[in-house]
Amino acid sequence: MTYAKQILGLVGWLLLSFVAAAIGAVASVQAADFYQQLAQPSWAPPSSVFGPVWSVLYALMGIAAWLAWREGGWRRQRGVLALFVIQLMLNALWSWLFFGWHRGALAFADIVVLWLLIVATVLGFWRVRALAGALLLPYLGWVSFASVLNFAVWHLNPQILG
């Protein structure tokens, strides 16, 4: 694989990851205000934490996908890369479910399936290239935390989150 193709691949995977971020961000335009209106557990982070954390995580996701892609391209890594794309779509959907449409139960169902897909993607990437799988571990950790937070906030706010 040529150097130029590798650079284009990196840009492409980063772009795909940040497009998913942007789709979720559209639903989250008023997220800070909405989040502050919700009853929250004492351990919930302030809304200002989420943007920087997610920015780093999306960059790591793009790099991880690129590393997997470099091991034979889409043709050889089709299954694990498709899994990555599917989990990215569920990631973007969560913001719409929770912040855009205020559907706490559906957001929780989405994040549980997302968590399972992330685990499968970590394992798949790890088999292709250990570093690619390892780069997704912070994402898995954050989504694990976010799952518990989603459940807690949903149950504390049934009148708002259904």
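# Helices and rings, checked against cut-offs

Guide: Start with residues 80-99. The chain there is 100% helix and 0% strand, with end C-alpha atoms 29 Å apart. The model is predicted.

Visitor: What does UniProt say about residues 80-99?

Guide: The unreviewed entry annotates residues 80-99 as "transmembrane region". The record gives the label also to residues 47-68, 105-126 and 133-156. Take residues 133-156 as a second case: 96% helix, 0% strand, ends 35 Å apart from C-alpha to C-alpha. Such annotations may be inferred rather than shown by experiment.

Visitor: Which feature does UniProt place at residues 1-31?

Guide: The unreviewed entry lists "signal peptide" there. In the model, residues 1-31 are 84% helix and 0% strand, and the end C-alpha atoms lie 42 Å apart.

Visitor: How many helices and strands are there in the protein?

Guide: Eight helices and zero strands. From the N terminus the order reads α-α-α-α-α-α-α-α.

Visitor: How do you know what the radius of gyration of the protein agrees with?

Guide: For 162 residues, a compact globule would come near 15 Å; the protein has 16 Å, so the value agrees. The C-alpha trace spans about 55 × 25 × 25 Å along its principal axes. Of the 162 residues, 43% count as buried. Contacts tell of the fold too. Among those between residues at least 6 apart in sequence, 77% join residues at least 24 apart.

Visitor: How many aromatic pairs does the structure hold?

Guide: There are 19. One of them joins tryptophan 13 and phenylalanine 84.

Visitor: What makes tryptophan 13 and phenylalanine 84 an edge-to-face pair?

Guide: Two tests. The centres are 5.9 Å apart, and the limit for pairing is 6.5 Å. The planes stand at 75 degrees, and edge-to-face needs over 60. Both tests are passed, so the pair is edge-to-face. The pair links distant parts of the chain, from helix α1 (residues 3-27) to helix α4 (residues 73-100), 71 residues apart.

Visitor: Why does tryptophan 13 count as buried?

Guide: Its relative accessibility is 9%. Buried means under 20%, so tryptophan 13 qualifies. Phenylalanine 84 has 0%, so it counts as buried as well.

Visitor: Why is the pair of phenylalanine 108 and tryptophan 154 called stacked?

Guide: The ring centres are 5.9 Å apart and the planes meet at 25 degrees. Stacked needs under 30 degrees, so the label holds. Phenylalanine 108 lies in helix α5 (residues 104-128) and tryptophan 154 in helix α7 (residues 137-156), so the pair ties together parts 46 residues apart in sequence.

Visitor: Buried or partly exposed: how are phenylalanine 108 and tryptophan 154 classed?

Guide: Phenylalanine 108, at 22%, is partly exposed. Tryptophan 154, at 16%, counts as buried. The cut-off of 20% falls between the two values.

Visitor: Which residues do ring pairs link into a cluster?

Guide: Tyr35, Trp43, Phe50, Trp142 and Phe145.

Visitor: How do you know that the charged end of arginine 70 sits over the ring of tryptophan 66?

Guide: The distance to the ring centre is 4.7 Å. The limit is 6 Å. The call also requires a position within 35 degrees of the ring normal.

Visitor: What makes asparagine 91 buried?

Guide: Asparagine 91 lies in helix α4. Its relative accessibility is 5%, under the 20% limit, so it counts as buried.

Visitor: What joins the side chains of asparagine 91 and tyrosine 58?

Guide: A polar contact of 2.5 Å. The cut-off is 3.5 Å. Beyond four places in sequence, asparagine 91 touches Trp54, Tyr58, Met61, Leu114 and Tyr139.

Visitor: Why does leucine 135 count as buried?

Guide: It has 19% relative accessibility, and buried means under 20%, so it is inside the cut-off. Leucine 135 belongs to helix α6 (residues 130-135). With neighbours up to four places away left aside, it contacts Leu60, Ile63, Ala64 and Leu67. Leucine 135 and alanine 59 are 76 residues apart in sequence, yet 9.7 Å apart C-alpha to C-alpha.

Visitor: Where is histidine 102 found?

Guide: In the loop between α4 and α5.

Visitor: Why is histidine 102 called partly exposed?

Guide: Its relative accessible area is 30%. That lies between the limits of 20% and 50%, so partly exposed is the class.

Methods
Residues numbered from 1 in each chain as written. Predicted model: local features only at pLDDT ≥ 70, side-chain atom pairs only at ≥ 80, totals over all residues. Heavy atoms only, no water. Phe/Tyr/Trp six-rings, centres within 6.5 Å; stacked < 30°, edge-to-face > 60°. Helix = DSSP H or I, 4+ residues; strand = E, 2+ residues; numbered from the N terminus. Buried < 20%, exposed > 50% of the residue type's maximum accessible area, 1.4 Å probe, protein only. Polar contact = N/O pair within 3.5 Å; in protein donor to acceptor, adjacent residues only side chain to side chain. Contact = heavy atoms within 4.5 Å. Rg over C-alpha atoms; globule rule 2.2 N^0.38 Å.
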